[in-house]
Amino acid sequence: MSFNTGSFVGKLIELNNSQQSIQTLSGWAIHHRRNAQQIVDIWFQQLTKSPKERKLLFMYLCNDIIQNSKRKGNEFTQEFSRVLPDALSHTYRSAVEDLKTIKQIDRILHIWKEREIFGKDFIDKLYSFRPKGLQSGSENTQEAQEAAPNKKRRSTSESGAAPDADKVIRSLINLERGSVLQDSRIKEQFSSIPNEIWNVQGVEKITDRKRLETLLKSVDSSYDMLSQHRIRLQNEMQERNKVAAMLKEFVLHQKEQLRSVESRLTEYQGKLQKVQAVRSQLQAHLESLPDLSSVPTLEPLPEPGSLFATAPETH
């Protein structure tokens, strides 16, 4: 699969903000690193033509290409260093009123500086295009990094709401069903890759042009397949981290609920003992009262009028 200018322009136009989209195009570009100069030139041209809300996407793509291509060579680092001053000047000017975009660009520059992808003088030059009147990018980035954990802790503790149990269960089920590790097709696809692809020295000995062209197609196909599997694994890793965080929060909530139940149980046991004590007292008092059923029944008293009545005469 040879490099095609029109194809790359189309891919840049279709680029979206998802990690998968950025990593896929980054992998495609790195695969065509022999055309690094053309790729970077087209990237810069399309950056300047794109709407201001899409310019940050181009910076994300640039960052991904630079970082992931370093282990294979410095082609992209050198080519991007050629256009980055103009690219950053253009992007910063476009985002002069967009503090969020400026901070994201600052973050990229901070990563490059921290990982020594470019020299300090070059990074300082890129920072110099930043709109005046704002804190330096490294300060902003450091403050954001320090504030993020505290913000996360506050939002977790203040919300007081645990993940829904059904949601946790569904997330676990979906994670296991869609796991790359459980996909038997991947093993079959890996087994279909020709052994020659793994033997670089052996490839150099092949002199048959047709055989090399066939092998090149297999390499391109294998690269695309491995890139997709890498993206799936990265996405699954993110999902597993999310589920792990959800489970951690769920367990913490359950422990809080357990403490509440234990406290309530202790309270109710104390009340139950009081009720039992009152019941015993009532029972004892009831048993101490006389049994009125054993008292003999008395004849009823005569009516007052009957005491003075005249007895009837007898003849």
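The points below take the salt bridges and then the pocket.

1. Please bear in mind that this is a predicted model. A search of the whole structure finds six salt bridges, and the points that follow describe some of them.

2. Arginine 82 pairs with aspartate 41 in a salt bridge whose closest N and O atoms are 3.0 Å apart. This pair links distant parts of the chain, with arginine 82 in helix α5 (residues 75-94) and aspartate 41 in helix α3 (residues 36-49), 41 residues apart. A network of salt bridges links Asp41, Glu79 and Arg82.

3. Arginine 82 counts as partly exposed because its relative accessibility is 42%, and aspartate 41, at 24%, is partly exposed as well.

4. In helix α12 (residues 209-288), glutamate 239 and lysine 242 lie three residues apart, about one turn of the helix, and their side chains meet in a salt bridge at 3.6 Å, N to O. Glutamate 239 is partly exposed at 36%, whereas lysine 242 is exposed, with a relative accessible area of 52%.

5. Helix α12 also holds lysine 271 and glutamate 267, four residues apart, which form a salt bridge with the closest N and O atoms 3.2 Å apart. Lysine 271 is partly exposed at 47%, and glutamate 267 is partly exposed at 37%.

6. The second largest pocket has a volume of about 390 Å³. Of the 14 residues lining this pocket, Tyr60, Asn63, Asp64, Gln67 and Arg107 are the closest to its centre. Helix α4 gives the largest share of the lining, five residues, and by class the lining has four nonpolar, seven polar and three charged residues.

Definitions and conventions:
Residues are numbered from 1 along each chain as its sequence is written. This is a predicted model: local features need pLDDT of at least 70, side-chain atom pairs count only at pLDDT 80 or more; totals for chains, interfaces and linings use all residues. Side-chain values use heavy atoms; hydrogens and water are left out. On a 1 Å grid over the protein atoms alone, a cavity is a set of points where a 1.4 Å probe fits but cannot get out, and a pocket is an open set with protein on both sides within 12 Å along at least five of seven lines; lining residues have an atom within 4 Å of a point. Grid points are joined across faces, edges and corners, and a volume is the space filled by probe spheres set on the points. Helices (H or I, at least four residues) and strands (E, at least two) are DSSP runs, numbered from the N terminus. Ala, Val, Leu, Ile, Met, Phe, Trp, Tyr, Cys and Pro count as nonpolar, Asp, Glu, Lys and Arg as charged, and the others, Gly among them, as polar. A salt bridge is a side-chain nitrogen of Lys or Arg within 4 Å of a carboxyl oxygen of Asp or Glu. Buried means under 20% relative accessible area, exposed over 50%, partly exposed in between (1.4 Å probe, protein chains only).
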